[in-house]
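Subject: Structure handover

Hello,

Here is the structure you were expecting. Please open it alongside the notes that come after it.

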Amino acid sequence: MTKVRLGNLYLAAAVAGVILCAVLMRAFYMPYSGFWRTVLYNILIFSWAVSVWWRILHAQTRRCLLGAAALMLFWLDIRLIRYDFA
């Protein structure tokens, strides 16, 4: 078995915490929860994109995955503007 680094455990706990916060915000309505939930999802997608940038060596695959991450961020932000600010 491979040795698990302590930094990886902290990162996994942080990601799980952010996901838990987003799920709880959706379950229990709070004022401005849509905005903060979108911010949390943007943080998760951006952190996934950074990890793709570090881990994927094949250039074409990395470009496709980073393009998908950019589109997800774009559409989440457009949705935020459409429903929360307009």
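This is a predicted model: local features need pLDDT of at least 70, side-chain atom pairs count only at pLDDT 80 or more; totals for chains, interfaces and linings use all residues.

Residues are numbered from 1 along each chain as its sequence is written, and side-chain values use heavy atoms, with hydrogens and water left out.

Helices

Helices here are DSSP runs (H or I, at least four residues), numbered from the N terminus. Helix α2 has 23 residues and spans 33 Å from its first C-alpha to its last, close to the expected 33 Å. Helix α3 has 27 residues and spans 37 Å between its first and last C-alpha, close to the expected 39 Å. The expected span is 1.5 Å times one less than the number of residues in the helix.

In α2 they include S33, G34, N42, S51 and V52, and the cover over the buried residues of α2 includes α1 and α3. The buried residues of α3 are A69, L73, L76 and L80, and what covers them includes α2. Cover is a matter of contact, meaning heavy atoms within 4.5 Å.

Core

The largest nonpolar core consists of 5 residues: I45, A49, A69, L73 and L76. α2 and α3 (59-85) are the elements that give two or more residues to this core, with the largest share, 3 residues, coming from α3. A nonpolar core is a set of buried Ala, Val, Leu, Ile, Met, Phe, Trp, Tyr and Cys residues joined through side-chain atoms within 4.5 Å. Leaving aside neighbours within four places in sequence, A69 is in contact with I45, W48 and A49.

Largest pocket

A pocket is an open set of points on a 1 Å grid over the protein atoms alone, where a 1.4 Å probe fits, with protein on both sides within 12 Å along at least five of seven lines; lining residues have an atom within 4 Å of a point. The largest pocket has a volume of about 270 Å³, where volume is the space filled by probe spheres set on the points, and points are joined across faces, edges and corners.

Both α1 (6-27) and α2 (33-55) supply at least two residues of the lining, and α2 gives the largest share, 8 residues. Among the lining residues are L11, V15, V18, L44, W48 and R55. By class, the lining has 9 nonpolar, 2 polar and 1 charged residues. Nonpolar covers Ala, Val, Leu, Ile, Met, Phe, Trp, Tyr, Cys and Pro; charged covers Asp, Glu, Lys and Arg; the others, Gly among them, are polar.

The contacts below leave out residues up to four places away in sequence.

L44 lies in α2 and counts as buried because its relative accessible area is 18%. L44 is in contact with V15, V18 and I19. Between L44 and I19 there are 25 residues of sequence separation and 8.2 Å in space, C-alpha to C-alpha.

T38, also found in α2, is buried at 2% relative accessibility. T38 touches L76, D77, R79 and L80.

At 14% relative accessibility, R37 is buried, and R37 touches A22, M25, R26 and R79.

Regards

Note on methods
Buried means under 20% relative accessible area, exposed over 50%, partly exposed in between (1.4 Å probe, protein chains only).
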